[in-house]
Structure formats: C-alpha cells, structure tokens
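Subject: Handover of a structure

Dear colleague,

Please find below the structure that I am handing over to you. My notes on what was found in it follow directly after.

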Protein chains: 2
Amino acid sequence: MQSRRPAARTGRPRSAAADAAILAATREALVELGWSKLTLSDVATRAGVAKTTLYRRWAGKNELVVDAVAELFDELELPDRGSLAADIEGVVLQFAAILDRPEAKSGLMAVVAESTRDDALRARIRTSIVDRQKRLVMEGRVRAQKRGELPGDNDPAQAARSADLIFDMVAGAVVHRTLVSARPADEAWVRDLTRLLVLGLAGAARAS
Amino acid sequence: MQSRRPAARTGRPRSAAADAAILAATREALVELGWSKLTLSDVATRAGVAKTTLYRRWAGKNELVVDAVAELFDELELPDRGSLAADIEGVVLQFAAILDRPEAKSGLMAVVAESTRDDALRARIRTSIVDRQKRLVMEGRVRAQKRGELPGDNDPAQAARSADLIFDMVAGAVVHRTLVSARPADEAWVRDLTRLLVLGLAGAARAS
DNA sequence: GGAGTTACGCTACGACCCGTAGCGAAAGCG
DNA sequence: CGCTTTCGCTACGGGTCGTAGCGTAACTCC
C-alpha cells in the first residue's frame, strides 16, 4: 500500500507474511472486540509479532484498520449482466454483502468518523476504499451509454456531478440501510432501490 | 430522555442544569478532541461536575454522546413549501447543515459504528435520533399525496417499504456526501438529489 | 566471507484514562 | 428535624498507550 520505497535494496526486508498476518488479526479482533475495545497489543499477540513491529509499519489504530478493511473491498467487480438495472443490482448486492460482515461494519464507520478530524486519514480511506468503488460507477455508466440506456456526455462537468451524486446515493443508502436501519439490504430492497434510481435517471434524460 | 422514574419524590433531586452542562460540554469536547480522544474525565471538568456524577447518569461514553448529539436534531422541522420537491430540498438542507457541524460528524458516526456490536445502543440511537427524522419523511409523503403529487397508499405494506427506502437513500446520501466524499451538501447538490428522487418517484407512480 | 544496514522480538517505562469505592456535605421531602 | 438521594472530592488497582533500548536475525554490497 504505502509502497513509496524507491530503492531500499539494503538491509533486512520487511516480512510480507507479517503484513498479511497483522491485517488478518486486525479483522479478527474487529469481529470479536469491535473498534473501541480493539487494542494494538492484542492485534500484535494474535498476529504473532511484537507490538513494536506494528508501530513501525502503521502510525496508529486508524491507519491499520483502514488497510485491514480495504482488503475486503478487493473482491468488488462489475460483471456485465446485460442492462443498467441488472448491473447496478449486481454490484450493490456485492457491496451489501461485504458491508454485512461485522469487521466491515464496525471498522469502516469508525475510521470514517475519525477521518472527520484527520485529512490524511480521509485521503487514505479515499484511495484505498472509496475510489475503488467509484470506478465501478464510471464503468457502469459507460456501458449503459453504449447500450443506449443513458445519453452520452455532452457536458463532461455535468456528467461528473451526476456520477458523484449516484455514487453518494447508492453507497450511502446501503450503508444507512445496513448500519442505521439495521435491516438487510437483500434482493428485494436492492431491486426497489435500483428501480427508483433507473427511473430517475431515465426521467432526467428525458427532461433534459 | 431516560425518564423512567415513577415517583422519586424523596431525596435530593438531580440537577437539570448539570444535565445540560454535561451535554454541552460533551459537544464541545467532540469539536475540540473528536470521538477517540474524548474522555469522560475531561467532559466532567468542562461541565464543572465531578466524574462520579457523570457515571451515575450515563452508562458510558457511547450513551453520553448519543444524547449529546440527539439534541442537535431537535431543531429539524418540515415547513410547507408548496411542493414535494421544495419540501424535500428544505429538510435535506436542514439535515445537511446539522451534519456539517463537527460535533455531529465525529460523534454520530462513531456511535453508529459502536452500535453494530451493541443492540441497546442501536435502539437508543433509533429512538433519540433516527425516528425523529423518519417522521418528517412520513409527513412529507402525506402532504404530497394530498397535493396529488403522489398516489395514495393502496398497499400499506408497499408504502412503508417505499418510505423506508426513501429515508435510507436521502439520509444515507447526505451522510456519504458529507463524511466520505467530504464535499458540501449545498443547494446545487441537494437540487440534483431531489430532482433525481422526484423523477424516480413519479416514474414509479406512472409505471405502476 | 566480512561489513554495513535494516527489521525483528523482547523488556521496561512513564503517562494517561478507566470505572469504582468511600466519605462528608448539600438539597430536597414529610 | 429525620430520611433519602445527590453531589463533590479523593484515592485506588487495572489496563492501554507509545517509545526507548538492546541484542539478534536477515539481506546486500564489496
């Protein structure tokens, strides 16, 4: 992740296995203890490394949890299901499944809360997690345009704003449904969400 | 809030001024320190009360912050602006203004994160904060139906599902925009959001 | 193979916060 | 005035934090 290491060819290299063990231990601790009761000492013990090793690689609890949670979103992808609605439903269900895991719930929201007072942390969240999802929105948009389901980008600025809006609405809705309303983002709910969204987009295209 | 006190007529009554001072001190500490660095000892000092007084009234940091943040949402209301779109824009802008305050940002998301592992805390959040907003959605819906902008509830179960969906989409979008995307939920953005939503609802009404 | 460099495990440390207990004083009520 | 509850204060053991220091391990370059 923080591979800004131009040519550190000398000395003992850092153990990649330790990285993986630490991140896995962090997720395990998130499941068992939650954010507030998670301690770096405990994570170090679980991972089988010394506490000092942990502090050499991460600045603190926030950064560690961001990286640990970010790995969960690596599996997100956007298979072509033939229509805009089907594409949205597919990726939203994937996102909901990830967010339903306890380590994602407690970890992600906690670091987002902390990021309100830490710009560097927010940037880390954005590059490690958020942008990866936003890329899917852009892909889905281009696909829908090629299918003729959405109009082309005659105004690039407007298109970017629209993509940001859709992203905030979809991701925000899933998060709110899962964490605040505490009800499952299942297929029926996702279908309703998608229907409302696609109808809105179609209406916007027609009105403009 | 926790006024489950049938008839405590005897003994020295609890100071209502202390309650207010503690909650105000909590919000002040949230602004200056954020969630993770907020300590109950510090809040007690700010409020001018003893630490033990704090523990007599709240079980812990989570419950205290929920009550402190909940007061911020008391000012939410839904003035009649003449149309569904205008009503939505008005209440969303209010919600966004509250959520833009630092004590709301850091406090609310932190307790939501903690609530993933604490059912009692989630219930407290729901009754103190969420349900108060949801009531506005219901009111706006009824108003729009009276104006003829939305169809009546021929299926009550479907209507409830729809209200839940709208609530999750709107509240989630504002939260995501403010906290994750870290961009202002200003009038232009709210207008785009409302437009998409109203078009989607109109399309759903037409399609059904 | 030796020298240099970096990572690692381990221990120890002061600082801080937690949550509770005990005490005497204060503020209500009958 | 007695009774009851709250309040401020002090003190406490227990836990976590983040860092420093040390000897050892791993790897590279000469």
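This is a predicted model: local features need pLDDT of at least 70, side-chain atom pairs count only at pLDDT 80 or more; totals for chains, interfaces and linings use all residues.

Over residues 39–58 of chain A, what percentage of the chain is helix, and how far apart are the end C-alpha atoms? Over these residues chain A is 75% helix and 0% strand, with the end C-alpha atoms 13 Å apart. Helices (H or I, at least four residues) and strands (E, at least two) are DSSP runs, numbered from the N terminus.

Residues are numbered from 1 along each chain as its sequence is written, chains are lettered from A and ligands numbered from 1 in the order in which they are written, and side-chain values use heavy atoms, with hydrogens and water left out.

Annotated regions

UniProt, in an unreviewed entry, places the feature "DNA-binding region" at residues 39–58 of chain A. The unreviewed entry also lists "domain: HTH tetR-type" for residues 16–76 of chain A. UniProt positions are given in the numbering used here, feature names are shortened, and annotations may be inferred rather than shown by experiment. Over residues 16–76, chain A is 70% helix and 0% strand, and the end C-alpha atoms lie 23 Å apart.

DNA strand C

DNA strand C is surrounded by 23 residues, and the closest are A:Gly11, A:Thr52, A:Thr53, A:Arg57 and B:Tyr55. A residue is near a strand if one of its heavy atoms lies within 4 Å of it. H3(A) provides the largest share of this surface, four residues. By class, the surface near DNA strand C has six nonpolar, 10 polar and seven charged residues. Here Ala, Val, Leu, Ile, Met, Phe, Trp, Tyr, Cys and Pro count as nonpolar, Asp, Glu, Lys and Arg as charged, and the others, Gly among them, as polar.

A polar side-chain atom of B:Ser41 lies 3.2 Å from a phosphate oxygen of DNA strand C.

DNA strand D

Of the 23 residues around DNA strand D, A:Arg9, A:Pro13, A:Tyr55, B:Thr53 and B:Arg57 come nearest. H3(B) gives the most to this surface, with four residues. Of the atoms of DNA strand D within 4 Å of the protein, 64% belong to sugar or phosphate and the rest to bases.

Backbone atoms are found by phosphate oxygens of DNA strand D at A:Leu40, at 3.4 Å, and at B:Ala50, at 3.3 Å.

The interface of chain B and chain A

The contact (heavy atoms within 4.5 Å) takes 50 residues from chain B and 50 residues from chain A. The two chains bury about 4200 Å² between them, 61% of it on carbon and sulfur atoms. Buried area is the accessible area (1.4 Å probe) that two parts lose on being put together, summed over both.

Four salt bridges are counted between the chains, a salt bridge being a side-chain nitrogen of Lys or Arg within 4 Å of a carboxyl oxygen of Asp or Glu. One of them joins A:Asp192 and B:Arg161, whose closest N and O atoms are 2.4 Å apart.

With kind regards

Definitions and conventions:
A polar contact is a pair of N or O atoms within 3.5 Å; within protein, one must be able to donate a hydrogen and the other to accept it, and residues adjacent in sequence count only if both atoms are side-chain atoms.
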